[in-house]
Amino acid sequence: MQQKRTLSQYITFSFIAIVLLTALAAWIPEVLLIRNRLEEATWARVEQGRRAARALYGSVETEVAGAAILAAQLPTLREPLARGEREALPEALETVETSLGLNTMLVCSPEGEIVARFGAEMPAEVCAGPETAHVEVLDDAAGGAEAWMLAARPIRSEGTLLGAVVTGLRLDDAFTAQLQAETGLEHTLLLDETPLATSFAGGPAYWTAVEGRQAETVEAAGDRGWIFRRDGIPYYALRLRVGESALVDEVALPAGEFALAQRQLLQTQLVSLIVVIIGGTALVIFSARRIGAPLRRLSQAAARFGRGDLAAPITVESGVQEVDVMAAALEQARVELQRAVGTLQEEKAWVEHLLEAIEEGVVTLDDDRRITFFSEGAERLTGWQEGEVLGRHCDSIFRPAEEIAPFSDLIPRAGARRKVWLRLPGGQSAAFSITRADLAPPGVAEASMALVFRDISEEEAVEHLLGHFLANVTHEFRTPITALGASVELLLDQSGELAPDELEQMLTWLHLSILSLQTLVDNLLEASSLEARRFRVNPRPTDLGEIIGEAARLMQPLLEKYNQYLDLELPPRIPVVYADARRVVQVLVNLLSNAHKYGPEESAIEIRAVPVGDEVRVSVSDRGPGIPEEIRGTIFQRFSHFGPGHDDSRQYGVGLGLWVVKAIVEAHGGETGVEEAPSGGASFWFTLPLAERARSASARPAHARPESARPREAQVEER
């Protein structure tokens with residue numbers, strides 16, 4: 001007995017040691033991996049913020065440069081300069097500067113002197129700055145330095161240089177605070193390591209004094225980064241150069257939450273490790289005690305095995321430590337034999353039910369081509385019942401759809417596959433992929449065969465649809481490209497011989513071809529995004545009139561070519577919608593393009609906008625042949641084409657425009673539809689939420705917010 005207890009203790013201690021070593025070997029690398037991953041995720045977040053900041057600087061440059069271009073073209077500045085009435089310039093500058101949200105606006109004389117100003121004081125040398133938006137560091141009134149984003153633009157009148165307009169935006173603490181709101185990271189503008197502006201509370205002086213700026217330099221995101229602390233919170237920082245200047249933006253991410261998450265995760269893992277060790281130890285002790293029980297019962301059961309009793313297991317109950325080798329071999333033989341018998345029984349049942357469970361249909365034929373077996377899968381696929389076909393010749397059951405030959409002549413050779421169209425009992429046809437295998441059971445002189453039927457009708461339909469889609473895309477690209485090629489070739493060969501109206505007509509053709517290609521590419525890109533579940537909309541309060549105006553501007557050349565015109569009916573107060581302006585412009589362009597294709601020449605295309613409750617309903621109506629009522633339910637599906645009534649060249653399309661329209665509108669929480677127009681043509685409509693509705697919805701508690709008022713990105717992605 002003493003020897004037996006020693007063996008149990010040895011097994012127990014050995015297994016406990018294995019559990020401990022295994023747990024530690026798994027835990028320590030995991031701790032290091034998690035720490036590295038959190039560190040990488042933190043730097044990746046900082047790098048993402050730096051990229052966002054770079055994009056924001058580019059947007060600011062574009063805004064300042066655009067403001068200079070706009071101001072230089074205003075008659076309120078150009079005309080007083082031309083007349084020499086400089087006293088009228090400050091009032092005009094005030095109007096422009098206030099509307100554009102800038103910090104300063106200057107008018108310079110051709111000699112480089114400032115003749116009018118509104119906003120912050122500026123030295124005269126800014127008049128000599130480049131026309132493109134650029135960053136300059138100027139002295140402020142207190143003797144310090146300020147960073148400015150400046151742009152200049154000459155003012156001309158009938159070829160005469162009247163002067164220049166300079167627009168500027170101050171890159172100060174308010175600007176960095178705006179960057180912090182946009183990116184979620186802290187921003188500090190540095191010039192030769194001297195802070196000029198910062199989003200940190202306390203300003204540049206506090207930024208300099210933060211724990212002595214004891215920063216740790218590391219390699220992160222393929223660049224040099226800094227880790228410093230402020231109020232005990234670590235900050236991860238990267239820098240980017242602002243434009244072509246010496247100004248640097250230090251982008252910093254507070255990593256306090258990351259450090260806390262790391263500590264909490266490590267604590268959780270440590271607790272889990274302790275639980276695993278305790279549970280593993282208990283399991284080892286229980287298993288060690290259970291090891292001896294079968295051995296104690298083995299000797300009593302050995303006799304039963306000798307009598308051929310395979311049902312009762314051989315166990316040992318005497319408490320003897322060592323196991324009789326012969327008894328163990330007999331128990332193994334009993335178990336293997338019993339398992340083999342059970343396996344044979346299971347395989348027999350499995351073989352009996354296999355043919356009934358598979359999705360494909362299985363049919364066996366004898367050497368006379370008569371049906372001897374007909375599986376449930378064959379019944380589902382062909383519509384025939386087993387009782388109706390057993391014993392009958394295969395040619396009387398399976399009839400090819402085209403009657404080119406009897407079915408028995410279309411059976412493939414052994415191991416091969418053939419596609420066959422068969423006529424089903426209901427009169428419809430279906431495509432089947434048929435595979436053959438020869439069967440030669442013992443005692444049978446001639447081999448029978450088994451046929452496996454797989455319905456490929458849907459695959460054939462998809463292949464046909466794909467071919468039709470590719471043909472349409474090819475045609476849609478070829479037509480404008482051919483027009484572009486012909487127009488460009490004509491311009492190259494005869495540009496000097498063309499009259500102005502002929503040249504204008506050629507350029508109009510070029511513009512229309514490019515517009516057609518752009519619309520097609522936009523629809524293909526949106527369809528690709530929808531298919532890949534990467535479709536997003538970014539709604540914001542937007543003037544509906546601006547959206548309709550942009551769509552009308554894009555379509556105007558195409559409408560003028562066919563003498564079509566737009567008939568607008570808008571409410572007295574143009575509604576403000578909560579929408580992604582670029583996407584909604586694409587919706588209107590697609591609908592106007594369809595109205596142009598199916599509307600007759602010299603006809604009106606009507607655009608109506610009517611507020612309905614907390615939404616606005618926008619409709620586009622033509623005077624074409626209309627949409628038959630029986631296909632209105634499928635008109636917004638992919639690859640749908642509709643309506644005779646025009647020549648093929650104007651009807652041809654890829655069938656994605658209305659599908660993209662429906663996806664964009666539903667992503668905004670709206671609906672789409674089509675109905676008969678009062679003029680007899682088709683009237684396509686969609687709804688958009690009003691901005692007031694979006695604001696009221698955002699003010700409600702999250703659990704009470706209606707689904708239609710929420711951003712629809714996730715819902716579109718799941719569709």
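**Salt bridges and other local features**

Modeller: The side chains of R608 and E606 form a salt bridge, 3.7 Å from N to O. A salt bridge here is a side-chain nitrogen of Lys or Arg within 4 Å of a carboxyl oxygen of Asp or Glu. This is a predicted model, where local features need pLDDT of at least 70, side-chain atom pairs count only at pLDDT 80 or more, and totals for chains, interfaces and linings use all residues. Residues are numbered from 1 along each chain as its sequence is written, and side-chain values use heavy atoms, with hydrogens and water left out.

Biologist: Is E606 buried or exposed?

Modeller: E606 is buried, at a relative accessible area of 15%. Buried means under 20% relative accessible area, exposed over 50%, and partly exposed in between (1.4 Å probe, protein chains only).

Biologist: And which side chain meets R608 at 2.7 Å, N to O?

Modeller: That is E569, also in a salt bridge with R608. The pair links distant parts of the chain, with R608 in strand β22 (residues 604-612) and E569 in strand β20, 39 residues apart. Helices (H or I, at least four residues) and strands (E, at least two) are DSSP runs, numbered from the N terminus. R608 counts as buried because its relative accessibility is 16%, while E569 at 45% counts as partly exposed.

Biologist: Where does R623 lie?

Modeller: R623 has a salt bridge to E606, 3.7 Å from N to O. R623 lies in the loop between β23 (615-621) and α16 (648-651) and E606 in strand β22, so the pair ties together parts 17 residues apart in sequence. R623 is partly exposed, with a relative accessible area of 38%. Through shared partners, salt bridges join D567, E569, E606, R608 and R623 into one network.

Biologist: How many salt bridges does the structure hold?

Modeller: It holds 15.

Biologist: Switching to cysteines: how many disulfides does the structure hold?

Modeller: There is 1 disulfide, where the term means a pair of cysteine sulfur atoms within 2.5 Å. C108 and C127 form it, with their sulfur atoms 1.9 Å apart. C108 is in strand β1 (residues 104-108) and C127 in the loop between β2 (114-119) and β3 (134-139), 19 residues apart. The link is left-handed, with -70 degrees about the S-S bond, and both C108 and C127 are buried.

Biologist: Next, α3. Which residues are buried there?

Modeller: L89, A92, L93, V96 and E97 are buried in α3. They cover an arc of only 125 degrees around the axis, which puts them on the same side of α3. The arc is that of the directions from the helix axis to the C-beta atoms. E91, T95, T98 and S99 are exposed on the other side of α3.

Biologist: What span should α3 have?

Modeller: At 1.5 Å a residue, the 12 residues of α3 (residues 89-100) should span 16 Å, and the end C-alpha atoms are 16 Å apart, which agrees. The expected span is 1.5 Å times one less than the number of residues. Just after α3, G101 takes a positive phi of about 75 degrees.

Biologist: What about D192 and its phi?

Modeller: D192 has a positive phi of about 55 degrees although it is not a glycine. D192 sits in the loop between β6 (186-191) and β7 (194-198) and is exposed, with a relative accessible area of 66%.
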